[in-house]
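Subject: Handover of a structure and its findings

Dear colleague,

Please find below the structure that I am handing over to you.

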Amino acid sequence: MTPLNILIGLVVLAGIYFLVLYNGLVSLKTRIEEGWSQIDIQLKRRADLIPNLIETVKGYAKHEKGVFTEVTKARSALLGAKSVPKMAEASDMLTSALGKLFAIAEAYPQLRANENFVQLQKELSDTEDKVAYSRQYYNTIVNEYNIKIRTFPNTLFNEMLGFLEKEFFAASEEERKAIKVKFE
């Protein structure tokens with residue numbers, strides 16, 4: 001083997017390495033975008049259910065305007081959020097407000113028996129499950145991507161190729177608190 005053949009072989013191997021690295025990172029980045037899209041879809045679905053839920057509860061609990069306002073503000077914040085941290089924060093705010101709304105519903109047995117309310121509550125619960133799954137999928141892919149760009153020798157080239165770390169969709173302090181159930 002001549003030195004020229006060895007040099008050509010090394011250049012070809014380096015080219016193949018960069019091609020595999022780049023394509024792998026593009027694939028993971030696309031999966032992250034897909035995961036984020038799924039979270040966004042489910043959060044929008046959740047936000048779309050809320051006006052119907054509020055209207056159903058309003059018929060029974062007319063004097064609870066503060067909670068309705070809080071839910072409406074939280075919904076608006078969720079729809080207006082553009083980044084992962086802002087959307088996570090707005091989602092947490094909405095979760096808290098919905099908790100208060102359902103607490104009000106507990107005080108009205110005829111509301112809990114209302115078919116529309118029961119159906120909306122079921123759809124919202126189903127959506128919450130989908131949000132949780134979508135968050136888990138997104139975070140799994142972000143983790144895989146971040147590991148790939150942090151490992152050696154990839155870490156030497158990822159910024160040059162335009163691949164930077166992504167943020168996780170994290171739970172807030174409010175979501176981490178234990179839920180207290182009271183029967184009075």
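Predicted model: local features only at pLDDT ≥ 70, side-chain atom pairs only at ≥ 80, totals over all residues.

Residues are numbered from 1 along each chain as its sequence is written, and side-chain values use heavy atoms, with hydrogens and water left out.

Overall composition

The protein chain has six helices and zero strands, in the order α-α-α-α-α-α from the N terminus. Helices (H or I, at least four residues) and strands (E, at least two) are DSSP runs, numbered from the N terminus. Of the 184 residues in the protein chain, 33% are buried, where buried means under 20% relative accessible area, exposed over 50% and partly exposed in between (1.4 Å probe, protein chains only). The protein chain exposes about 11,700 Å², and carbon and sulfur atoms supply 60% of that area; accessible areas come from the Shrake-Rupley method with a 1.4 Å probe, and for residues only the protein chains shown count as cover. Among contacts in the protein chain with a separation of 6 or more, 76% are between residues 24 or more positions apart, contact meaning heavy atoms within 4.5 Å.

Helix packing

Two packed helices are described by the angle between their axes and the distance between the axes. Axes are lines fitted to C-alpha atoms, for helices over the stretch in contact, and angles run from 0 to 180 degrees between N-to-C directions.

Helix α1 (residues 3-58) packs with helix α5 (residues 115-150) at an angle of about 160°, their axes being 8 Å apart. That makes α1 roughly antiparallel to α5; angles under 35 degrees count as roughly parallel, over 145 as roughly antiparallel, 65 to 115 as roughly perpendicular and the rest as oblique. The residues of this contact divide into 20 nonpolar, nine polar and 12 charged. Here Ala, Val, Leu, Ile, Met, Phe, Trp, Tyr, Cys and Pro count as nonpolar, Asp, Glu, Lys and Arg as charged, and the others, Gly among them, as polar.

α1 also packs with helix α2 (residues 65-80), at about 165° and with axes 10 Å apart. α1 and α2 are therefore roughly antiparallel to each other. Among the residues that make the contact are L43, A47 and I54 of α1 and F68, V71 and L78 of α2. The residues of the contact of α1 with α2 divide into 10 nonpolar, one polar and four charged.

The axes of α3 and α5 come within 13 Å and cross at roughly 155°. α3 and α5 are therefore roughly antiparallel to each other. S91 and F102 of α3 are among the residues of this contact, as are Q121 and R135 of α5.

Individual residues

S91 is in helix α3 (residues 84-106) and is buried, with a relative accessible area of 2%. Not counting residues up to four places away in sequence, S91 touches L43, R46, L78 and R135.

F102 also lies in helix α3. Leaving aside neighbours within four places in sequence, F102 is in contact with L53, F117, Q121 and L124. The C-alpha atoms of F102 and Q121 are separated by 9.0 Å, and these residues are 19 apart along the chain.

Finally, a cis peptide bond joins F152 and P153, with omega about 5°. P153 lies in the loop between α5 and α6 (173-176).

With kind regards
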